[in-house]
Amino acid sequence: MFRAQGVRGPPYRFLRGNNHDVRRMRAEGDALRLDVRDHNYLPRVMPHFLTWKQQYGGPFLYWFGPQPRICLLDYESVRQVLFNKSGHFFKIDAHPTILALLGKGLVLVEGTDWVRHRRVVNPAFAMDKLKTMTTTMVSCAEPLIKEWERLASSNESREVEVEFSKLFQDLTADIISHTGFGSSYKQGKEVFHTQRQLLALAVATLLNVQLPGLKYLPTKNNRLKWMLDKKIKTMLMAIIQPRLASNGGGYGDDLLGLMLEACLTTEQGEKGDELTLTLTMDEIIDECKTFFFAGHETTSRLLTWTMFLLSVYPEWQERLREEVLRERGKENPTADMLNKFKEMTMVLLETLRLYTPVMVMLRKPISDIRLGSLSIPKGNGIAIPIPFLHRDKEVWGDNANDFDPLRFENGITNAAKTPQALLSFSIGPRSCIGQNFAMLEAKSVMAMILKKFSFTLSSSYVHAPADHITLQPKFGLPIVLRPLDV
């Protein structure tokens, strides 16, 4: 069917599809090391897509195991998929370990279940609610700032080297624990640690062929997955139970409180039909999994790559520092102050464009459908490789591979020749509900660091971005901090 439409791709191999080719090309690409100003990491992270694009053009068809997937490389087709409001496109069934990691929360549910979940959690991300979280974000970051100042002052060089990749994971985990679930990082620490074990298992097994029924067999990987999943559920219930016990005073107005309240709440739909906004306890646990992981992983990667880019481009580091001191002086940031950080917003958006946390979005049509001149049968996978689209020179200009925050000077809509070309938080009705939270958190943390320190890359840093479900520096991000008052 696709050959008749002029679509080509690598040959299918029984059951394995092209998974073996992907594993081989990734192993070869993993040996590459980049210059710190080279932001074209596609030969390292997505060499298979790069090879197939060069061989077959776009779109091309490849096989993930026995499942065919069409890879879309033009914005018009991508916009038709992501902006579709009639429910013709669902997300591809998640890998069993990814499902255990994220739970079937807002990221993975579909149809009326998605509408129900979205209505329950949406109030937790209203802008007036987010503004009240700024103080919590600052209070979580302050102890780290003071510790770095203490360490720097105790060193003869008056500098301190910090590994920021793991540190930002811990910090954003602390923030999401406090703002979303009212728990301390100590309570949530085991949840995050266990989720990272599941993440490592998912990365190791993602390209394994998933035969029908295999996920039910007591293999070594399955037993580990079941054990970790059970452990996460037990720990989440330990956070939920105290709220249930104190329902006389309400469940709280954070994300967890809203979900628990929804266990008992119904509302009348607009047309008079009863729309039930209840969530079962299993659904609440799944949403907790989703927001515990996605709520800190995305922002930690945004912060990590922002620190990297500002270390590589000190002129932009100084511009942002001047903006922070001009808008807030020596005060801790408030939400209103953060909204005035125009240049910081530009840098964060450019960071998301170059180092988008999520590499590929996956969808499937629930019925035969046409995208422009292309006919796609029901159930055929659709892959949207975000880094390729973010480097499309016809859309982003000849400097698409370069770091240039000024492209966002007039906002996201006018940053490229195609409106809303930034796909890091997706676009359309399924765009990320937590994107304003992530941006506010990133601004809060970066403002506090810029006010206190100048920073450069450590000589031990190796530029090797790696796709571990999210994009991260393979060998960490060691950075040398120097207090500004030295």
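Modeller: Let us begin with contact, which means heavy atoms within 4.5 Å. By that cut-off, threonine 304 touches Phe164, Ser165, Phe168, Pro473 and Leu477, with residues up to four places away in sequence not counted. Please bear in mind that this is a predicted model.

Colleague: Why is threonine 304 called buried?

Modeller: Buried means under 20% relative accessible area. Threonine 304 has 0% relative accessibility and therefore counts as buried. This residue is found in helix H12, residues 281-312.

Colleague: What makes threonine 134 buried?

Modeller: The threshold is again under 20%. The relative accessible area of threonine 134 is 2%, so the residue is buried. Threonine 134 lies in helix H7, residues 127-154, and its contacts beyond four places in sequence are Pro333, Thr334, Ala335, Leu338, Leu440 and Ser444.

Colleague: Why does phenylalanine 14 count as exposed?

Modeller: Exposed means over 50% relative accessible area. Phenylalanine 14 reaches 67%, and therefore counts as exposed. It lies in the segment before helix H1 (19-29).

Colleague: What makes Tyr12, Phe14, Leu15 and Leu211 a nonpolar patch?

Modeller: A patch of this kind requires residues with over 30% relative accessible area and no salt bridge, their nonpolar side chains being joined within 5 Å. Tyr12, Phe14, Leu15 and Leu211 form such a patch on the surface, and their accessible area together is about 400 Å².

Colleague: How do you know that strands E11 and E14 pair?

Modeller: Pairing requires at least two bridges between two strands. Five bridges join E11 to strand E14 (residues 478-483), and the two run antiparallel. Phenylalanine 453 stands opposite proline 483 in E14.

Colleague: Why are E4 and E11 said to stand at the edges?

Modeller: The open sheet has three strands in the order E4-E14-E11, with antiparallel pairing. Strand E4 (160-163) and strand E11 (453-457) each have a single partner strand, so one side of each is left without a neighbour in the sheet. With direction ignored, neighbouring strands of this sheet are turned by 35 degrees against each other on average. Helix H8 (residues 164-181) lies across E4 and E14, at about 65 degrees to E4.

Colleague: What is the strand order of the five-strand sheet, and which are its edge strands?

Modeller: The order is E1-E2-E10-E7-E3, in an open sheet with mixed pairing. The edge strands are E1 (60-64) and E3 (89-91), each of which pairs on one side only. From one strand to the next, the twist averages 35 degrees. Helix H4 (residues 75-82) packs on this sheet, touching E3, strand E7 (360-365) and strand E10 (381-385), and its direction makes about 120 degrees with that of E10.

Colleague: How do you know that E1 and E2 pair?

Modeller: At least two bridges are needed, and E1 and strand E2 (residues 67-71) share five, in the antiparallel sense. In E2, arginine 69 is the bridge partner of tyrosine 62.

Colleague: What makes E12 and E13 a pair?

Modeller: Against the requirement of at least two bridges, strand E12 (residues 465-468) and E13 have four, and they run antiparallel. The hairpin of E12 and E13 has one residue between the strands, and isoleucine 469 takes a positive phi near 75 degrees.

Colleague: Which residues cover the two faces of E13?

Modeller: Thr470 and Gln472 lie on one side of E13 (residues 470-473), Leu471 and Pro473 on the other; all are buried, and both faces are covered.

Notes. Residues numbered from 1 in each chain as written. Predicted model: local features only at pLDDT ≥ 70, side-chain atom pairs only at ≥ 80, totals over all residues. Heavy atoms only, no water. Buried < 20%, exposed > 50% of the residue type's maximum accessible area, 1.4 Å probe, protein only. Axes fitted to C-alpha atoms, helices over the stretch in contact; angles between N-to-C directions. Patch = residues over 30% accessible without salt bridge, like charges linked within 9 Å, V, L, I, M, F, W, Y side chains within 5 Å. Areas by Shrake-Rupley, 256 points an atom, 1.4 Å probe, with all protein chains shown as cover. Salt bridge = Lys/Arg side-chain N within 4 Å of Asp/Glu carboxyl O.
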